[in-house]
Amino acid sequence: MFTHYVVKPGAPVWMWILAVIGDFALFGTALFLLLKLVPIRHRKTFIAIVTFLAGLIYSLEYFIPARPNTDKNFMTDFTDKLDPITTVVFTFAIGLGVINLIRYHGKIITRKHPNRPFSIGFFIAFFALMIAGLVKEYIPTDKTDNLYTLLFQGTIVPLGATMFSIVGFYIVSAAYRAFRIRSAEATLMLIAAFIVMLGQVPIGAAMTSFIPTHGWLSNLRLENMSYWILNNPNMAAWRGISFGIEIGALAMSLRIWLSLERGSFFDQEL
């Protein structure tokens, strides 16, 4: 509201910040008071109705056939206007995550937990990178850009690479336990993994380089066997797993949409 009618394009940054804060204060207070006006015994029902209607709007937009030559139906323009609200909800979710992290690590520091140094490190890294990002965004100079690059490229990226390399060792140890020959199934998995790994490296192709590249004998080349395993039995298994994941996601979405999910939110009085 404020950002649309009061603040015009080209206004100073501080005016935009105040306008956004005013929007949150106005509409947040209005929604809070509206929820307070609803009797306690009806609040869960009220939230369930709002959740159902919000999900129904997007469901109708996707399931109602589109008009010819437009790829749109009568709900498309309306859902396009609701997309910024979805972005705001995502932003609030990120904000809640940050608040929870600050509360969690703050309690560890105040209670003098043995892991207190790690929590202090979290606060230092969090505020240092946040301040550097804000300064880079609103005071763009070579120094602020170099500071942000140093903090991000010099710390976050190497730490991420280190974590992924550690995960790689865990994967190797898990693969060793999984590929131990204890049954016929484990033997088949070990043979398939051996063929796929050899087919992905030059030494594997060199081992079967004497086999012709054309004709039915070419199927015995390690790189071709590896390609066949990856694109046939492996792809079939992956599609089955992916289908199961999507069915689970659909079931969870329906439970949330119909307010059938139970947890800390629905088990408490609002």
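**Rings and charges in a predicted model**

Colleague: How many residues apart in helix α6 are Tyr-148 and Phe-152?

Modeller: They are four residues apart in helix α6 (residues 142-178), so about one helical turn separates them; a helix here is a DSSP run of H or I with at least four residues, numbered from the N terminus. Residues are numbered from 1 along each chain as its sequence is written, and side-chain values use heavy atoms, leaving out hydrogens and water.

Colleague: How many aromatic pairs turn up in the whole structure?

Modeller: The search finds six, where Phe, Tyr and Trp (six-membered ring) pair if their centres lie within 6.5 Å, with planes under 30 degrees apart called stacked, over 60 edge-to-face and the rest tilted. One of them is Phe-52 with Trp-257, stacked at 5.2 Å centre to centre and 10° between the planes. Because Phe-52 lies in helix α3 (residues 40-63) and Trp-257 in helix α10, that pair ties together parts 205 residues apart in sequence. Tyr-148 and Phe-152 are also stacked, at 6.0 Å centre to centre and 5° between the planes.

Colleague: Switching topic, which side chains meet in a salt bridge?

Modeller: Glu-223 and Arg-221 do, at 2.7 Å from N to O, and the search of the whole structure finds one such bridge, defined as a Lys or Arg side-chain nitrogen within 4 Å of an Asp or Glu carboxyl oxygen.

Conventions: Predicted model: local features only at pLDDT ≥ 70, side-chain atom pairs only at ≥ 80, totals over all residues. Helix = DSSP H or I, 4+ residues; strand = E, 2+ residues; numbered from the N terminus.
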